[in-house]
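Subject: Structure handover and findings

Dear colleague,

Please find the structure below for your review. My findings follow directly after it.

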Amino acid sequence: MLQIRNLTTEYRINPLGLDERTPRFSWILESDEKDTVQSSYTVKVIGPEGSVWDTGSVDSAESILVEYSGWPFEPCTRYTVGVEVTDNHGNRASAEGWFETGLMAAANFTANWITHGYEDLTESCSVFRKVFKTDGGIMRARVYVSALGVYELRINGKRVGGDYLSPGWTSYTYQVQYQTYDITELLSADNTVELTVGNGWYAGILGFNPKPGHYGKRTAAIAQIEIISADGEKTTVITDESWQYGTGPRRSSELYMGEVIDARIETSMDGSAVAFDHPKNILISQQNEPVRVTQRLKPVKRFITPKGEVVFDFGQNLVGVIEARLNCPAGTKVVLRHAEVLDKNGNFYTENLRTAVSTDTFICGEGEYVFMPAFTFHGFRYIHVEGLGETPDPDWFTACVMHSDMPEIGSFDCGYKKVNRLWQNIQWGMRGNFLDIPTDCPQRNERLGWTGDAQVFASTAAYNMNTALFFRKWLRDLASEQTKEHGVPHVVPNILGDMDGAAAWSDAAVIIPWEVYQAYGDRRILEVQYESMKAWVNFITAKAGESRLWQSGHQYGDWLALDKEEMIDRVGATDIYMVATAYYAYSTDILVKSAYLLGHTADAEKYKALYDEILAAFRKEYITETGRLVSETQTGCILALHFGLAQESLRPRILQSLKTNLSRHNNHLVTGFVGTPYLCHALSDNGLHGLAGEVFMKEDYPSWLNCVNLGATTIWERWDSMKADGSFDESGMNSFNHYAYGAIGNWMVQKLGGLNIVEPGYKKSRIAPMPIKGITRAAAELDTPYGKLSCAWDCRDGQLYVDIAVPANTTAEVTLPDKNETFTLGSGSYHYEYPTELLLEKERYSMDSTMGEILQNPLSLPMLEKHIPGFASNPMIGMAHGMTLTSMAPMMPNDRIEIFNELIEQLNQAERIDGI
């Protein structure tokens, strides 16, 4: 049986307020027959006056992002979309959906911007009110609404929509989003519309030295209500000077500082709204998924700290606000403070928030009142409650988790709970920081759209959620803020002012469009961003000049790496200009591929020649003739290998240098933001997958699992954000929700789970799970544009069990664990089981064992004496008792390493026999 699932228009099911003039339609095929391929499709789009597009039967397997090419759409109009397909087995299936256009052009906004009559930078949230009547039955009603600030819309006392912090944060100079809502059921004969506007990103406090008014000093609003009566008559209500302005219970709001709500205060009007001279041609329809409350968590614990603070623990570091249901005497003042962690003494800790107060204040009126901030958000696990005594009821408080409501599409699970917790931390880090823009952190006086963080995490993000629309919106802002003089800003939207672009950060302009294209097969994002991508490479080229080496300007290097004592620059030990030139080459290579793909042949050839020159210059400057690197750091080796910068003949030596460097750190990483995302890939892709597994599975500092062992429920900014004794990094820059190091997620899915892209959008995938010691089973699943792709494997009792699912209309190259052959599968579900000699259980002895631990086993000395005469009497052995074999390996000849590897195998084999 053939079925169609998820018929979407521009990635959304039945979107309202679509202004895309040539939308793309996608659908997912599901079939109970294997090897199913779509043979043909027919798409029909019908408007109120009849058909506007009919493809007829098209012999094609294309089922994602089929581009509309019919008659122009009318604004504020609903269109029906019908799709019918046939497959190679002779089956048919059909599906129907709809989309409704928005205003389509700023000229169709007959509403005007209005503002209040208060002083600039007023503290209270402004309320704009309009009272009007409607006659007769209402067939349909829509509101098109936006603000300079962030707004909440109510009609007849009821909140419109489930979105928060709309219209979102864009580069307001260039574009402001508007939202469309169906308000048909909210209207009656007598209507009151109230539009409350807070400062938000537009007029609120932002930045390291928090100050308000980055974009403007007063909030404003615009709204247009279109009503169609039962008899077809159209009524339009618009914002103008007939509206009133005033204030209500929301006395103040700031994103960093929090919100004050006084339930004793009724909303009252102070005068007529004031016309506000602001362009309307910057208004665009909602581009990405809005911010919504996606989960609601209750406290897991209430306790009093040693300092006497009443604290609730929600069990999870999250981003959002608290909803408090209170019934207290009028005038009761309840103060909620927010924190991510407790200090080592168990007290409430907020020093890492810097100047972000993150405090909400609720003042009770008569009777029960549900308090919930609308114009702020906090990063927190704990709340400190003041004003309710020592035993407030936990049931009064609910943590409302907020983020951009992207569909969650991926999962990972394995047989080791700490690794599963790491995966959950990656997910929670993304939830907390993908809040309309990709922020670096959600809690302190920053929360900015750092390009470097987004760039390194983009691939992993696409395994967790569908990020196509999210990045499309943000990249539009990136291109808007980009200049010929300064390149791509370090943060987008840019509130930090003009600074020349920096490697790895500004390269987001090139890398993220490519990642989105790979994940979703979306050529349009490359088409739209192509000039931005090209301009960024041109900017670097102008800086590098004829040398083709980028060796100037501010650079972040391998940000927060541990291989150099932290100073004010925090750039790590890898030569910052080596990093810069490596990324110059990487971005140019992506630009070449994009140019060929888009048919820009002349550009492709031009930039291919440039790439060759950059590559030659990099090799001459940073790699000796024998394969030594100028920066023989972990990150230096990683970039040379992963970006393909080293000559093939020199790669073995560079790989050995990486292996040696790791050994000197007991196989611990010391990488920062640049090296960490690629470390395990560089090892796995170059024949050292076992070592990649060892690095990944480390549980002491520094490592991913060390953070898990210390109680992390999100990804931290630093490897030592919290130390083993419960103390913290005190540099003044310490976030406990910072997703960059969560970039390991794509290695987990690709290598442990085995899911890889061969052709964009997973039209063709590669399923090749690579087990590691310590994990005996793993499963990864991804809802690709074509459907569910999954692989689960389990190694037990000398058998391997593998289950694979390949979506209809796709194929997969498969390499099973512990097998050498590769074969191709069509769609369907498959099960394999076969004997194996893989031993994946974590064993007692390894190269991470200390010499003392090895020698405690009575089997060790006889064997060592046999192969290394005089070993026991060597006086140096006593000094080495506390050293791991890994740390000693760089000092050993190769034959000694082989002896110890053989010894470890014999000791573990003896352990296995004893355990039978």
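Which residues line the second largest cavity? They are Y151, E152, L153, R159, V160, D163, S166 and Y181. A cavity here is a set of points, on a 1 Å grid over the protein atoms alone, where a 1.4 Å probe fits but cannot get out, and lining residues have an atom within 4 Å of a point.

Two notes on the source apply throughout. The model is predicted: local features need pLDDT of at least 70 and side-chain atom pairs count only at pLDDT 80 or more, while totals for chains, interfaces and linings use all residues. Residues are numbered from 1 along each chain as its sequence is written, and side-chain values use heavy atoms, with hydrogens and water left out.

The second largest cavity has a volume of about 40 Å³, a volume being the space filled by probe spheres set on the points, which are joined across faces, edges and corners. Its lining comprises 4 nonpolar, 1 polar and 3 charged residues (nonpolar: Ala, Val, Leu, Ile, Met, Phe, Trp, Tyr, Cys and Pro; charged: Asp, Glu, Lys and Arg; polar: the others, Gly among them). Strand β13 (residues 150–155) contributes the most to this lining, with 3 residues. Strands (E, at least two residues) and helices (H or I, at least four) are DSSP runs numbered from the N terminus.

Strand β13 also belongs to an open sheet of 6 strands in the order β14-β13-β17-β11-β20-β23, with antiparallel pairing. Because β14 (158–159) and β23 (268–272) stand at the edges with a single partner strand each, one side of each has no neighbour in the sheet. Two strands pair if DSSP finds at least two bridges between them; β13 and β17 (residues 190–198) are joined by 6. Y151, one of the cavity-lining residues, has V197 in β17 as its bridge partner.

In total, there are 6 cavities of 30 Å³ or more. The largest cavity has a volume of about 70 Å³, and its lining divides into 9 nonpolar, 2 polar and 1 charged residues. Helix α13 supplies the largest share of that lining, 3 residues.

Finally, helix α3 (residues 451–464) has a kink of about 60 degrees centred on A458, the bend being the angle between axes fitted to the seven residues ending there and the seven starting there.

Yours sincerely

Methods: 1 Å grid on protein atoms, 1.4 Å probe; cavity = no way out; pocket = protein on both sides within 12 Å on 5 of 7 lines; lining within 4 Å.
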